[in-house]
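Colleague: Could you take me through this model, one topic at a time? I'll ask as we go.

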Amino acid sequence: MIIIILVTACLSACTTVQKSLEGQRLRSAQQDKLEQAVKFIERGNSEKAEVLLEEVVAAPGVRGITDEALFRLALLSMPSDLDREDLANAVKYLDRLQKEYPVSPWATQSSSLTDLLAVLPRHLQSTTELRRQIKSLRDLNLSLTRENKEMRLNIEKIKNLDLQLEKKVKP
């Protein structure tokens, strides 16, 4: 009976050690990908960085690595023209970060960013409407400028006609 217990204990210890080694390998691989992604970001190659970060967040989560990758991926997902679909991707990454890693320093930083991105679509909508109004007003201004120029020409013509009439009337 004691031999069976000892064999079982040894086998479970081997399994625990093996799981620990697998966890360390996973963490190391994820850390390497994250570091490479950060280097790509520093060099301005956001496309390669995004690919690596997506690999990190697709793998099983590793505290301290996946949370940073989610935050960085959210930042890379924000387009310069602030397209709504791309904003939704950024918000998705930030929400996942806050849900899966609530005590992470990256989650803390992301909360204000999430709030900002929640308000942004309304501002984008009003900005788009304002741009449309500005374009309409510019077109109207151009049209009025043309009409004004045409009226000035007509006034000049009328003045010339008036002067010609006065010359003919005066003997």
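Colleague: Is Lys-159 buried, exposed or partly exposed?
Modeller: Lys-159 is partly exposed, because its relative accessible area is 47%, where buried means under 20%, exposed over 50% and partly exposed in between, with a 1.4 Å probe and protein chains only. This is a predicted model, in which local features need pLDDT of at least 70 and side-chain atom pairs count only at pLDDT 80 or more, while totals for chains, interfaces and linings use all residues. Residues are numbered from 1 along each chain as its sequence is written, and side-chain values use heavy atoms, with hydrogens and water left out.

Colleague: And which residue does Lys-159 form a salt bridge with?
Modeller: Its partner is Glu-156, with the closest N and O atoms 4.0 Å apart; a salt bridge here is a side-chain nitrogen of Lys or Arg within 4 Å of a carboxyl oxygen of Asp or Glu. Glu-156 is also partly exposed, at 42% relative accessible area.

Colleague: How many salt bridges does the structure hold?
Modeller: There are five salt bridges in the structure. One of them joins the side chains of Lys-33 and Glu-55, at 3.2 Å from N to O. Lys-33 lies in helix H1 and Glu-55 in helix H2, so this pair ties together parts that are 22 residues apart in sequence. Lys-33 counts as partly exposed at 25% relative accessibility, and Glu-55 is partly exposed as well, at 35%.

Colleague: How many residues are in the largest nonpolar core?
Modeller: That core has 25 residues, and those with the most contacts inside it include Leu-34, Leu-53, Leu-70 and Leu-97. The elements giving two or more residues to this core are H1 (2-43), H2 (46-58), H3 (66-77), H4 (84-100) and H5. By nonpolar core I mean a set of buried Ala, Val, Leu, Ile, Met, Phe, Trp, Tyr and Cys residues joined through side-chain atoms within 4.5 Å.

Colleague: Which residues is Leu-97 in contact with, leaving aside neighbours within four places in sequence?
Modeller: Leu-97 is in contact with Asp-67, Leu-70, Phe-71, Pro-102, Trp-106, Ala-107 and Ser-110.

Colleague: How many aromatic pairs does a search of the whole structure find?
Modeller: The search finds one aromatic pair. The ring centres of Phe-71 and Trp-106 are 5.2 Å apart and their planes are at 40 degrees, so the pair is tilted. Rings of Phe, Tyr and Trp (its six-membered ring) pair if their centres lie within 6.5 Å, with planes under 30 degrees apart counted as stacked, over 60 as edge-to-face and the rest as tilted. Because Phe-71 lies in helix H3 and Trp-106 in helix H5, the pair ties together parts that are 35 residues apart in sequence. Phe-71 is buried, with a relative accessible area of 8%.

Colleague: Switching to Gln-30, is that one buried or exposed?
Modeller: Gln-30 is buried, with a relative accessible area of 3%, and this residue lies in helix H1. Not counting residues up to four places away in sequence, Gln-30 touches Glu-55, Val-56, Ala-59, Pro-60, Val-62 and Ile-65.

Technical notes:
Helices (H or I, at least four residues) and strands (E, at least two) are DSSP runs, numbered from the N terminus. Contact means heavy atoms within 4.5 Å.
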